[in-house]
Amino acid sequence: MTGTGASGTKSAMEWLASVAPDPDACRWEWERNPHGVALLPAGLRWDVLILPGELGGATLDVLNRLVDRPGPVLADFGEARIGFFVPPGTVTRWLGTGVRGAGAGTWIVVPYPGRVTGGVRWLVAPDGTGTLNDASLLELAMHEAAGLLAGGSGGSDGV
């Protein structure tokens with residue numbers, strides 16, 4: 001997991017909790033819930049594009065090669081699904097087979113940043129600044145990852 005440090009964890013927690021109907025209750029839930037998770041609304045500060053685990057993992061590998069630090073990325077238990085935080089409104093414009101989205105009117109389970117839980121976990125924790133994954137770059141990374149998984153080169157090598 002890409003960490004954020006102690007001050008970054010506090011900033012990340014504040015950034016995430018800011019979308020909760022009651023941010024204080026959200027922070028309380030994170031502190032006292034034995035699972036260390038809270039239910040937060042998508043579509044306010046972020047949408048989440050949810051990929052099947054194998055494609056999501058390969059996509060994150062490609063993103064890690066393209067940018068210094070991707071935006072927040074969640075994985076569920078066993079990494080069967082991987083969610084990439086993208087700008088709000090992305091889900092309404094996204095067309096992609098096998099990709100689910102959480103946008104306005106939906107809620108997602110979000111773990112406390114910097115804490116390991118038994119279920120959903122951060123592969124890339126939020127940094128607290130609001131940095132998200134660029135949807136266009138994510139799409140390109142998904143295409144390359146899909147090519148790699150299909151046994152192709154995944155890139156243009158002039159052949």
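1. A salt bridge here is a side-chain nitrogen of Lys or Arg within 4 Å of a carboxyl oxygen of Asp or Glu. Arg 81 and Asp 76 meet that criterion, at 3.0 Å from N to O. The model is predicted.

2. Buried means under 20% relative accessible area, so Asp 76, at 16%, counts as buried. Arg 81 has 39% relative accessibility and counts as partly exposed.

3. The whole structure holds six salt bridges. Four residues form a linked network of them: Lys 10, Glu 14, Asp 24 and Arg 27.

4. Glu 14 is partly exposed, with 30% relative accessibility.

5. Glu 14 also forms a salt bridge with Arg 27, at 3.1 Å from N to O. This pair links distant parts of the chain, with Glu 14 in helix H1 and Arg 27 in helix H2 (residues 23-32), 13 residues apart.

6. On the overall fold, the protein has five helices and seven strands. From the N terminus, the order is α-α-β-β-α-β-β-α-β-β-β-α. Of contacts between residues at least 6 apart in sequence, 79% join residues at least 24 apart.

7. On burial and surface, 43% of the 159 residues are buried. The accessible surface is about 8,100 Å², and carbon and sulfur atoms account for 55% of that area.

Methods
Residues numbered from 1 in each chain as written. Predicted model: local features only at pLDDT ≥ 70, side-chain atom pairs only at ≥ 80, totals over all residues. Heavy atoms only, no water. Helix = DSSP H or I, 4+ residues; strand = E, 2+ residues; numbered from the N terminus. Buried < 20%, exposed > 50% of the residue type's maximum accessible area, 1.4 Å probe, protein only. Contact = heavy atoms within 4.5 Å. Areas by Shrake-Rupley, 256 points an atom, 1.4 Å probe, with all protein chains shown as cover.
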